[in-house]
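User: I have a chain to go through with you. Can we take the fold, then the sheet, then the links between side chains?

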Amino acid sequence: MSRWDQKKKIIATVLSGLWFLVIFLSPDSSKKTGDDAKSPTAATATATPQSSAPAAAAPPPAPAAVMPSVVGTPFAGAEKAVEALLDTELTALSAYEDVTLPADHTKSVVCFQEPAAGAPLASKSVPASVHLVAAGTKCPAEKGTNLRPKSTPKPTPTPTPKPTVDEDDSGSGGGGSVSYRNCSAVKAAGKAPIRRGDPGYGQHLDRDGDGIACER
């Protein structure tokens with residue numbers, strides 16, 4: 001092309017450019033160029049489905065609180081164990097009806113508790129109480145009994161009736177100044193049986209008339 005003049009060189013250059021432009025804009029070339037433009041990463045992302053992460057399991061419900069066993073423990077320890085679960089104060093009572101609970105009962109021992117050990121606590125406002133005895137004192141068989149049993153009053157003896165004695169000896173038949181209205185009076189005086197001639201003998205006492213009265 002060195003021998004061509006300037007005009008021929010310009011024409012040849014323009015024709016060469018048009019030839020390359022036609023080849024580049026042809027349908028086959030455009031398809032190939034479009035296929036080459038696709039990203040392998042994008043194709044892989046389209047072919048691979050997204051994996052969904054498993055849903056987190058719900059935490060198990062907290063177990064319901066239950067009343068601890070405080071029988072046999074000092075009140076101080078029972079108070080801490082119960083009030084850690086409840087918003088209410090632990091009520092202290094005496095296990096014996098005739099014993100007053102001292103002001104300082106932290107060392108007193110629990111004999112009975114309410115609610116019972118293991119009972120579910122429906123809420124933190126459940127009332128709780130314990131019945132106490134002094135340290136070293138035996139718990140009663142049941143709460144509310146007396147530590148010192150009440151003494152039973154002795155029965156008043158029935159007085160022995162004194163025999164009715166009349167000074168009148170009329171009809172007595174036995175002489176003397178003693179007479180009895182009936183055999184009960186004779187027996188009360190310790191004179192039964194009474195015989196004819198004895199002081200106090202009377203026919204009204206001797207029903208069968210054999211001379212011996214109040215023999216039965």
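User: In what order do the elements of the chain run from the N terminus on?
Analyst: This is a predicted model. The chain holds five helices and five strands. From the N terminus on, the order of the elements is α-α-α-α-β-β-β-α-β-β.

User: What is the strand order of the open sheet of three strands?
Analyst: The edge strands are β1 (90-94) and β2, each pairing on one side only. The pairing in the sheet is mixed. The order is β1-β3-β2.

User: How many bridges join β2 to β3?
Analyst: β2 and β3 run antiparallel. The number of bridges joining β2 to β3 is five.

User: Which helix packs on the sheet, and what angle does its direction make with that of β1?
Analyst: The sheet has an average twist of 30° from one strand to the next. Helix α4 (residues 75-83) packs on the sheet and touches β1, β2 and β3. The angle between the directions of α4 and β1 is about 150°.

User: Which residue forms a salt bridge with Glu 114?
Analyst: The count of salt bridges comes to one. Its closest N and O atoms are 2.2 Å apart, within the 4 Å cut-off. The partner of Glu 114 is Lys 143.

User: How many residues apart in sequence are the parts that Lys 143 and Glu 114 tie together?
Analyst: Glu 114 sits in strand β2, and Lys 143 in the loop between β3 and α5. The pair therefore ties together parts of the chain separated in sequence by 29 residues.

User: Are Lys 143 and Glu 114 buried, partly exposed or exposed?
Analyst: Buried means under 20% relative accessible area and exposed means over 50%. Lys 143 has 38%, and Glu 114 has 35%. Both values fall in between, so Lys 143 and Glu 114 are partly exposed.

User: Which cysteine is joined to Cys 111 by a disulfide?
Analyst: A search of the whole structure finds two disulfides. In one of them, the S to S distance from Cys 111 is 1.9 Å. The partner is Cys 139.

User: Why is the disulfide of Cys 111 and Cys 139 left-handed?
Analyst: The pair links distant parts of the chain, 28 residues apart: Cys 111 is in strand β2 (residues 109-114), Cys 139 in the loop between β3 (128-133) and α5 (183-188). The link is left-handed because the torsion about its S-S bond is about -80°.

User: Is Cys 111 buried or exposed?
Analyst: Cys 139 is partly exposed, at 34% relative accessible area. Cys 111 has 8%, and the cut-off for buried is under 20%. Cys 111 therefore counts as buried.

User: What is the torsion about the S-S bond of Cys 183 and Cys 214?
Analyst: The sulfur atoms of Cys 183 and Cys 214 lie 2.0 Å apart in a disulfide. This link is left-handed. Its S-S torsion is -85°.

User: Where do Cys 183 and Cys 214 lie?
Analyst: The pair ties together parts that are 31 residues apart in sequence. Cys 183 is partly exposed at 23%, whereas Cys 214 is buried at 5%. Cys 183 lies in helix α5, and Cys 214 in the segment after β5 (212-213).

Note on methods
Residues numbered from 1 in each chain as written. Predicted model: local features only at pLDDT ≥ 70, side-chain atom pairs only at ≥ 80, totals over all residues. Heavy atoms only, no water. Disulfide = S-S within 2.5 Å. Helix = DSSP H or I, 4+ residues; strand = E, 2+ residues; numbered from the N terminus. Buried < 20%, exposed > 50% of the residue type's maximum accessible area, 1.4 Å probe, protein only. Pairing = 2+ DSSP bridges. Axes fitted to C-alpha atoms, helices over the stretch in contact; angles between N-to-C directions. Contact = heavy atoms within 4.5 Å. Salt bridge = Lys/Arg side-chain N within 4 Å of Asp/Glu carboxyl O.
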